[in-house]
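I opened my notebook for a first look around this structure. Here is what I looked up, entry by entry.

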Amino acid sequence: MKVLHNDGRVEECDDDLDVLRHSAAHVLAQAVTRLHPGVKLAIGPAIDDGFYYDFDKEGGFTPEDLEEIEAEMRRIVKENLKVETYALPRDEALEYLAGLGEDYKVELVEGLPEDERITFYKEGEFVDLCAGPHILYTKGIKAFKLTGLAGAYWRGSEKNKMLSRIYGTAFFSKEDLNRHIELIEEAKKRDHRKLGRELELFTLMDEGPGFPFFLPKGMVIRNALMDYWREVHRREDYMEISTPIILSRQLWETSGHWDHYKDNMYTTSIDEQDYCVKPMNCPGSLLIYKRGAHSYRDLPIRVGEFGLVHRHERSGTLHGLFRVRCFTQDDAHLYMTEEQITDEIRGVIRLIDEVYTKFGFKYHVELSTKPEDSMGSDEEWEMATAGLVKALEASGLEYKVNEGDGAFYGPKIDFHLEDVLGRTWQCGTVQLDFQMPQRFDIDYVGADGEKHRPIMVHRVVYGSIERFIGILIEHYAGRFPTWLAPVQVKVMSVSERSHDHARGIAAACKAAGIRCELDARDEKIGYKIREAQLEKVPYMLIIGEKEVESGDTVSVRSRDGGDLGSMAIGDLIARVREEDLDRTG
RNA sequence: GCCACUGUGGCUCAGCGGUAGAGCGGCGGUUUCGUAAACCGUAGGCCGGGGGUUCGAUUCCCUCCAGUGGCUCCA
């Protein structure tokens with residue numbers, strides 16, 4: 001493809017979707033300007049899977065507007081306008097934009113450094129402040145589609161006016177565009193909210209927005225995850241505790257949550273005293289630490305807890321199991337000496353990696369630093385952040401820095417997993433905290449016989465069991481491996497004559513510890529198979545007259561591999577048990 | 001919370017000024033069948049809640065609630 005740089009230079013270069021999409025954004029803005037004179041333009045960049053443009057339009061756009069705009073865009077493409085570029089001196093640029101009433105563009109120019117070249121791109125009657133580069137002719141935008149309408153704050157701040165954002169996407173070919181559309185359709189089928197309902201894993205009700213209900217089948221997955229968790233954490237010398245959900249407001253004042261986290265906390269009163277529903281588990285853990293004296297010989301102490309926390313999240317942010325108002329953290333708090341910091345954090349990073357790898361997840365890591373609303377001195381934050389960086393580097397992990405996104409009591413390493421649409425969600429996190437130990441005045445007795453302040457690490461692996469299950473549903477598209485599958489084996493009889501034998505087989509599976517269901521309805525076997533297949537049961541046992549005669553063989557169909565033929569019931573049981581206990585399938 | 005859109009039986013959806021319909025599922029029969037849907041019958045809905053306009057509202061308007069896509073915010 002050829003691109004036009006803002007100095008007028010034309011360059012031949014590899015196909016670049018960002019340039020194409022950015023040009024598509026200009027065409028979008030041009031179409032909007034033609035159809036809706038007086039609309040003010042904000043910004044219109046290319047993004048990961050397309051582009052958008054923000055407009056300030058009284059009353060916003062309607063879906064019908066979108067169709068008209070898309071049609072107008074096609075016209076502009078067809079007109080095959082030549083794209084040109086030029087620069088203007090700062091004051092002329094400002095005067096020009098002010099003359100057009102483009103207030104947002106004026107603000108953008110005012111924000112540019114004094115010595116910056118201020119460049120414009122022009123196609124036909126349309127001119128936009130832009131650094132480029134762009135394609136040379138509008139005809140280059142062959143395959144595009146407007147995909148959505150949304151509100152977006154000017155400059156991303158909710159203090160500013162809300163603008164109307166139009167999303168779209170563009171590709172070099174129709175085929176690529178169609179593939180992209182199909183991919184999104186495919187992704188929708190894996191949506192954990194849809195599968196959660198269809199597979200009867202969990203439900204959300206009007207009576208508790210953001211407070212998920214887990215159904216029996218969802219609980220099986222939850223329990224399997226917790227069993228696995230307990231197994232690896234026992235191995236890593238973690239203890240387990242459980243702390244109350246409601247604790248006095250005073251405690252939250254001590255911890256700093258009342259000052260820094262109040263807006264997210266539910267409160268209640270008991271016997272005229274103020275209480276809070278816990279949004280985090282750390283204060284409870286600290287109270288337990290404080291119960292007794294600790295020696296340096298005991299450190300590090302690793303204390304885990306499946307803690308149900310409640311946080312008030314704004315209504316518009318709720319999203320299936322990914323963003324809820326109550327969730328269970330697979331939390332743990334590690335108390336240690338300064339010298340132990342690196343090793344302890346490395347151990348946690350290793351553990352998180354082990355668990356994510358078990359599920360076949362790709363993840364990326366971010367280091368979140370001191371937020372605006374925080375407690376503790378800059379020096380402490382620097383020390384803590386340096387401690388995390390050291391552990392990250394010792395672990396050889398790539399990470400990006402997420403400025404200002406730390407917890408109010410300390411910096412953190414965040415582990416992000418992707419959902420089916422490529423949106424990423426924070427799951428695991430490791431936080432280094434110098435504050436809580438001071439606030440709760442906890443100590444240990446050192447080798448010198450003196451009291452010392454331990455360092456505290458907060459960490460989660462799954463993050464939130466709810467969110468993790470949501471990610472798992474999408475990751476497996478509901479086809480859970482045997483060890484997580486709510487129903488591992490479904491026994492189905494071919495006809496009336498095999499009902500009784502099927503009952504016996506199901507009982508044998510159940511006795512062997514397999515999660516098994518029996519389908520002995522008077523239905524055709526094809527119908528039962530279809531249903532079991534839709535329920536995504538890993539193993540289906542077909543029991544007909546052949547099996548009745550042989551007595552100890554079953555006809556096995558696997559969810560993913562189809563008809564596996566005949567097998568001794570003992571072998572089938574052994575196979576399923578092995579996949580379950582070893583968590584290999 | 002903000003912007004836009006949506007809300008009809010368990011699920012997926014049609015109807016859009018004259019007090020509701022389909023398919024699947026459920027239930028009752030018939031069928032007894034070998035690897036993704038047998039047939040017949042039947043029940044089930046204050047059309048998200050409240051208010052208004054109208055002779056009359058599922059349909060139009062307002063408002064609240066919930067959901068969806070974003071923004072902001074976060075496990």
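**The cavity.** Helix H12 (residues 378-395) gives the most to the lining of the largest cavity, with 3 residues. I number helices (H or I, at least four residues) and strands (E, at least two) as DSSP runs from the N terminus. On a 1 Å grid over the protein atoms alone, a cavity is a set of points where a 1.4 Å probe fits but cannot get out, a pocket is an open set with protein on both sides within 12 Å along at least five of seven lines, and lining residues have an atom within 4 Å of a point. I found 1 cavity of 30 Å³ or more, and the largest cavity holds about 30 Å³ of space. A volume here is the space filled by probe spheres set on grid points, which are joined across faces, edges and corners. Its lining is made of Glu380, Trp381, Ala384, Tyr409, Gly410, Pro411, Leu432, Phe434 and Gln435. By class I noted 6 nonpolar, 2 polar and 1 charged (Ala, Val, Leu, Ile, Met, Phe, Trp, Tyr, Cys and Pro count as nonpolar, Asp, Glu, Lys and Arg as charged, and the others, Gly among them, as polar).

**Ground rules.** This is a predicted model, in which local features need pLDDT of at least 70 and side-chain atom pairs count only at pLDDT 80 or more, while totals for chains, interfaces and linings use all residues. Residues are numbered from 1 along each chain as its sequence is written, chains are lettered from A and ligands numbered from 1 in the order in which they are written, and side-chain values use heavy atoms, with hydrogens and water left out.

**H12 and its partner.** I stayed with H12 and looked at helix H11 (residues 341-359), which packs with H12 at an angle of about 55°, their axes 9 Å apart. Axes are lines fitted to C-alpha atoms, for helices over the stretch in contact, and angles run from 0 to 180 degrees between N-to-C directions. H11 and H12 are therefore oblique to each other (under 35 degrees is roughly parallel, over 145 roughly antiparallel, 65 to 115 roughly perpendicular, and the rest oblique). From H11, Thr342, Ile345, Arg346 and Ile349 meet H12 residues including Gly387, Leu388 and Lys390; contact means heavy atoms within 4.5 Å. The residues of this contact divide into 6 nonpolar, 3 polar and 2 charged.

**The pockets.** How much space lies in the largest pocket? I read about 1600 Å³. The lining has 43 residues, with Tyr261, Arg311, Glu313, Arg323 and Gln426 nearest the centre. Strand E23 (424-433) is one of the elements that supply at least two lining residues, and E23 gives the most, with 6. The 43 residues divide into 14 nonpolar, 17 polar and 12 charged.

The second largest pocket has about 650 Å³ of space. Of its 21 lining residues, Ala187, Glu418, Asp419, Val420 and Leu421 lie nearest the centre. Helix H5 (174-190) and helix H14 (465-476) each give two or more residues to this lining; H5 gives the most, with 7. I counted 7 nonpolar, 3 polar and 11 charged residues there.

**Backbone notes.** Most residues other than glycine have a negative phi, and most peptide bonds are trans. I noted a cis bond from Gly132 to Pro133, with omega near -5°, and another joining Leu299 and Pro300, with omega about 0°. Ala477 has a positive phi near 50° and lies in the loop between H14 and strand E27 (489-493).
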